[in-house]
Amino acid sequence: MQADCANCFGLCCVALPFARSADFAVDKRAGQPCSNLQADFRCGIHAQLRDRGYPGCTVFDCFGAGQKVSQVTFGGTDWRRAPRTARPMFEVFPVMRQLHELLWYVTEALGLAPAAPVHKELRRALTRIDGLTRGSAESVAGLDVNALRGEVNTLLLKASELVRAQVPGRKKNHRGADLIGAKLSGADLRGASLRGALLVAADLSGADLRDADLIGADLRDADLSGAVLTGALFLTQAQLNAAKGDAATELPPTLGRPAHWSASGRRPVGRGHAS
């Protein structure tokens, strides 16, 4: 469930559209190869994406869907050598990406001990979704992913509630809240629900986000400097890549510190970390 670009046919650089904006330097329609895509399906400006006006590319994560479509669904036959595969391949990729995202969340939920009461249902969901990802191009492209997401989300919400119930005290509920630019520096958000919250450019420096549910939270340009994210629920690498942070930001062991984050950092004075 991690991207392996070496075994992908540059699908995110072709299948998906993007519009000229702060995230992308130019317009590109779906199915049109990015001008920076090389013959070997690698990005020609990968090391300079942010400097060249493509920060949107640096925050995208396919959760391993790219190599699944390239090597499993289409058996290693790329769209350049077999142009007839291009359209179905590009149609399958966005659907597969959503399936792999669900696999990521369900797998994480299965690793949460307090969520044991729903582990049996989660295992069934994992087996079902994994089976769907191995279907034909036609079967994958024809899936009702929204309905599937709704079913799985019910289980993920139960898992989240079971974990957060272990956190003492009253937990904040900011589910779906508009917190754009909010001043939350040093806030105690442990066990909070931030599902789908808009935290664009929010100041979360020094905030305690342990056991907080961050599924679907928009963290673009949010300041996570010195924040504690160990144990944060359903946090993804893409969310971190879209945010700002520093060397003092505490991350879950499964996620990496983005290269554009500050190499220095100072933890706010007086913030406690008692378990």
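Phe 90 counts as buried, at 12% relative accessibility (buried means under 20% relative accessible area, exposed over 50%, partly exposed in between; 1.4 Å probe, protein chains only). The model is predicted: local features need pLDDT of at least 70, side-chain atom pairs count only at pLDDT 80 or more, and totals for chains, interfaces and linings use all residues. Residues are numbered from 1 along each chain as its sequence is written, and side-chain values use heavy atoms, without hydrogens and water.

Phe 90 pairs with Trp 79 in an edge-to-face arrangement, 5.6 Å centre to centre with 70° between the planes. Rings of Phe, Tyr and Trp (its six-membered ring) pair if their centres lie within 6.5 Å; planes under 30 degrees apart count as stacked, over 60 as edge-to-face and the rest as tilted. Trp 79 lies in the loop between α2 and α3 and Phe 90 in helix α3, so the pair ties together parts that are 11 residues apart in sequence. Trp 79 is also buried, with a relative accessible area of 9%. The whole structure holds 8 aromatic pairs.

The protein chain has 7 helices and 0 strands. Helices (H or I, at least four residues) and strands (E, at least two) are DSSP runs, numbered from the N terminus. The radius of gyration is 20 Å, close to the 19 Å that the globule rule gives for 275 residues, so the chain is as compact as a globular protein of that length. This radius is taken over C-alpha atoms, and the rule is 2.2 Å times the number of residues to the power 0.38. The C-alpha atoms fill a box of roughly 60 × 45 × 30 Å along the principal axes. Of the 275 residues, 47% count as buried.

The largest nonpolar core has 73 residues. Such a core is a set of buried Ala, Val, Leu, Ile, Met, Phe, Trp, Tyr and Cys residues joined through side-chain atoms within 4.5 Å. Trp 79, Leu 204, Leu 224 and Leu 229 are among the residues with the most contacts inside the largest core. Helix α3 (86–110) is one of the elements that give two or more residues to this core. The contribution of α3 is the greatest, at 14 residues. A second, separate core of 6 residues includes Phe 18, Phe 24, Ile 45 and Tyr 54. The charged end of Lys 28 sits over the ring of Phe 18, 5.6 Å from its centre (NZ of Lys or CZ of Arg within 6 Å of the ring centre and within 35 degrees of the ring normal).

Leu 224 touches residues including Leu 204, Leu 229, Leu 240 and Trp 261, not counting residues up to four places away in sequence. Contact means heavy atoms within 4.5 Å. Leu 37 lies in the segment before α1 and is buried at 10% relative accessibility. Beyond four places in sequence, Leu 37 contacts Gly 10, Cys 13, Val 14, Arg 42, Trp 79 and Arg 80.

Most residues other than glycine have a negative phi. Phe 41 has a positive phi, near 70°. Phe 41 is found in the segment before α1 (55–58) and is buried, with a relative accessible area of 13%. Asp 211 also has a positive phi, of about 65°. Asp 211 sits in the loop between α6 and α7 (237–242) and counts as buried at 18%.
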